[in-house]
Amino acid sequence: MKSGKATGPDKISVDIIEALDDYGIEKTTNLLNEIYDTGQIPTDLTKSIFIALPKKKPGATECELHRTISLMSHITKILLRIVMLRVRNKIKPQIAEEQCGFIEGKGTANAIYNPRVLIERALEVQKDVYLCFIDYTKAFDRVRYDEIIMQLEQLNIDGKDFRIIKNMHWEQTAAMRVGNETSSFQRIKRGVRQGCVLSPDLFSLHSEIIMQNLENCPLIKVGGYNVNNIRYADDTVLIAENKDDLQKLLNIVEEESRKKGLELNSKKTEVMVIIRNKNPQNVTY
């Protein structure tokens, strides 16, 4: 873990653990083994402190003009990193090739390159391409705990790993820090944990259930490869050959997302039509 990072509510930094050397490793190991065997997580390890940072310029007063960073215990991060390594081999096979976010060996370059190549191939064979760039409203904060727990149960994850994930989410609390003042701690009832190493995998699994409903929907076939969506984390582009097929994909995604607690942001969801005809259809959604 990186040194010099801000401490969480327990005020224990990585630097302190490293300075203790073998003694610190022994004590940390004993603590984590006890948590792992009993499933009981100390209160300090379930707490987070949120700090709001303005997105554009200092002095912003509206909540939507801020983003938050989360400070949590470094002991919690060590525990969850171990759990992540144990459960990732069960979660990874569930994630489709269309997902480029939080996947080893993939990144934003893949998410940009894939649709570009697809568009070029489609134009070469005189096909039109209709794209819908979906934006979710606070996607990571809208995930429902019960949905995550239900999906993990179906993966046959080790009972102790599953118990740690479940307890860490159900028992988590958070406080807001503004200046030198910190609010009282309150229960968080939805959303994946901000700053948690498990959150990307859990969100990818959650969103995968939504996209599985597109398997039997219209596909654009180019170069022997069939596709109707490409994703990077919560950023999704739906791809179709015509307006009607694109609308069908969007309707399914919107309905299934609503069932999972996610809401499409109509103000930021955009449609792009790439077509050789100079007078394309007027597309709305």
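In the predicted model, the axes of helix H4 (residues 74–91) and helix H9 (residues 199–211) come within 11 Å and cross at roughly 20°. The two helices are therefore roughly parallel to each other, and H4 passes H9 in a left-handed crossing. The contact is formed by Met84, Arg88 and Ile91 on the side of H4, which meet Asp201, Leu202 and Leu205 in H9; by residue class, this contact divides into 4 nonpolar, no polar and 2 charged residues.

The structure also holds 3 aromatic pairs. In one of these, the ring centres of Phe102 and Phe140 are 6.4 Å apart and the ring planes stand at 85°, so the pair is edge-to-face. Because Phe102 lies in the loop between H4 and helix H5 (108–124) whereas Phe140 belongs to helix H6 (residues 139–142), the pair ties together parts that are 38 residues apart in sequence. Phe102 is partly exposed, at 35% relative accessibility, and Phe140 is likewise partly exposed, with a relative accessible area of 25%.

An edge-to-face arrangement is also found for Tyr145 and Trp170, with 5.4 Å from centre to centre and 80° between the planes. Since Tyr145 lies in helix H7 (residues 145–153) and Trp170 in helix H8 (residues 159–170), this pair ties together parts that are 25 residues apart in sequence. Tyr145 is buried, at 2% relative accessibility, whereas Trp170, at 36%, counts as partly exposed.

Finally, ring pairs link Phe102 and Phe140 with Phe203 into a cluster.

Methods: Residues are numbered from 1 along each chain as its sequence is written. This is a predicted model: local features need pLDDT of at least 70, side-chain atom pairs count only at pLDDT 80 or more; totals for chains, interfaces and linings use all residues. Side-chain values use heavy atoms; hydrogens and water are left out. Axes are lines fitted to C-alpha atoms, for helices over the stretch in contact, and angles run from 0 to 180 degrees between N-to-C directions. Helices (H or I, at least four residues) and strands (E, at least two) are DSSP runs, numbered from the N terminus. Angles under 35 degrees count as roughly parallel, over 145 as roughly antiparallel, 65 to 115 as roughly perpendicular and the rest as oblique. A crossing is left-handed if the near helix is turned anticlockwise from the far one by less than a right angle, and right-handed if clockwise. Contact means heavy atoms within 4.5 Å. Ala, Val, Leu, Ile, Met, Phe, Trp, Tyr, Cys and Pro count as nonpolar, Asp, Glu, Lys and Arg as charged, and the others, Gly among them, as polar. Rings of Phe, Tyr and Trp (its six-membered ring) pair if their centres lie within 6.5 Å; planes under 30 degrees apart count as stacked, over 60 as edge-to-face and the rest as tilted. Buried means under 20% relative accessible area, exposed over 50%, partly exposed in between (1.4 Å probe, protein chains only).
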